[in-house]
Amino acid sequence: MKNLFLTSVLILTSFFSFAQKPGATLLNPTNHALVLIDHESQMAFAVGSTPIDQLRNNVGLVAGASKIFNVSTVVTTVAEKSFSGPVFREVEEFYPQKTSNYIDRTTMNTWEDTNAHKAITGKNKKKIVLAGLWTSVCIVGPALSAIEEGYDVYVITDASADVSKEAHEMAIARMVQAGAHPMTSLQYLLELQRDWARQETYKAVTDLAKKYAGAYGVGIQYAHEMLKH
């Protein structure tokens with residue numbers, strides 16, 4: 001009887017220990033590299049899949065989240081000085097050009113640029129998270145290329161955009177069919193925080209949400225000021 005009781009305890013302990021482990025496909029601050037691709041003025045002019053103000057806010061959430069959690073991040077541009085222009089201020093805010101070593105390319109596919117490829121793979125992360133403009137070109141290219149090389153690829157769909165809703169959606173569908181994981185900017189932020197008891201990042205995360213997370217951010221502001229949460 002005693003042995004049966006001990007066995008039951010061990011089984012229950014093992015079950016609950018296993019249940020508390022996060023899934024292997026979840027992102028955390030150290031298991032992935034983030035690549036922000038071509039969030040530049042000229043690339044944004046033709047965006048038709050999402051309102052530009054929403055896109056910029058979502059990019060701010062992603063860039064801010066990566067900075068708060070010290071995620072290995074690469075910022076890359078295409079023909080910045082000759083054609084595409086400066087990156088969004090929402091990227092510059094967290095990754096100033098003077099100190100962040102943006103990688104400028106001529107290739108539409110970031111993966112085909114020697115310096116960009118070296119910077120991304122040099123992070124030594126098997127998970128790669130992508131966001132950028134345009135989805136059908138600048139994101140599809142590196143996503144499919146990285147998947148073929150054995151990387152686990154995630155695409156932040158609302159921090160990426162394209163010339164039309166159809167172009168964006170078909171690009172997402174193509175990448176998902178190849179094995180990419182779609183997610184949103186707010187999902188990315190909250191997946192990194194994961195636990196509101198993590199006080200070391202709580203204030204920075206909620207401040208970022210107040211600034212860039214729309215109605216959710218307004219709700220946080222209300223809760224802090226009116227409910228004292």
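Accessible areas come from the Shrake-Rupley method with a 1.4 Å probe, and for residues only the protein chains shown count as cover. This is a predicted model, in which local features need pLDDT of at least 70 and side-chain atom pairs count only at pLDDT 80 or more, while totals for chains, interfaces and linings use all residues. Residues are numbered from 1 along each chain as its sequence is written, and side-chain values use heavy atoms, leaving out hydrogens and water.

**Exercise 1. Describe the chain as a whole.**

Solution. Start with the surface: the accessible area of the chain comes to about 12,200 Å², and carbon and sulfur atoms hold 58% of that. Next, take burial: 45% of the 229 residues count as buried (under 20% relative accessible area; over 50% is exposed and in between is partly exposed, with a 1.4 Å probe and protein chains only). Finally, the C-alpha trace spans about 80 × 50 × 35 Å along its principal axes.

**Exercise 2. Find where leucine 27 sits and what it touches.**

Solution. First, locate leucine 27 in the loop between helix H1 (2-19) and strand S1 (32-37). Third, collect its contacts (heavy atoms within 4.5 Å): setting aside residues up to four places away in sequence, leucine 27 touches His32, Lys127, Val129, Tyr154, Met183, Tyr188, Glu191, Leu192 and Arg194.

**Exercise 3. Work out how helix H8 is placed against helix H9.**

Solution. Begin with H8 itself: its 14 residues reach 18 Å from first C-alpha to last, close to the 20 Å expected at 1.5 Å a residue (1.5 Å times one less than the number of residues). Now compare axes, which are lines fitted to C-alpha atoms over the stretch in contact, with angles from 0 to 180 degrees between N-to-C directions. The axes of H8 (residues 135-148) and H9 (residues 165-178) come within 10 Å and cross at roughly 5°. H8 is therefore roughly parallel to H9 (angles under 35 degrees; over 145 is roughly antiparallel, 65 to 115 roughly perpendicular and the rest oblique). Residues making this contact include Ile139 and Val140 of H8 and Ala171 and Ile172 of H9.

To finish, look at burial: among the buried residues of H8 are Ile139, Val140 and Ala143. The cover over the buried residues of H8 includes S1, strand S4 (127-132) and H9.

Key
Helix = DSSP H or I, 4+ residues; strand = E, 2+ residues; numbered from the N terminus.
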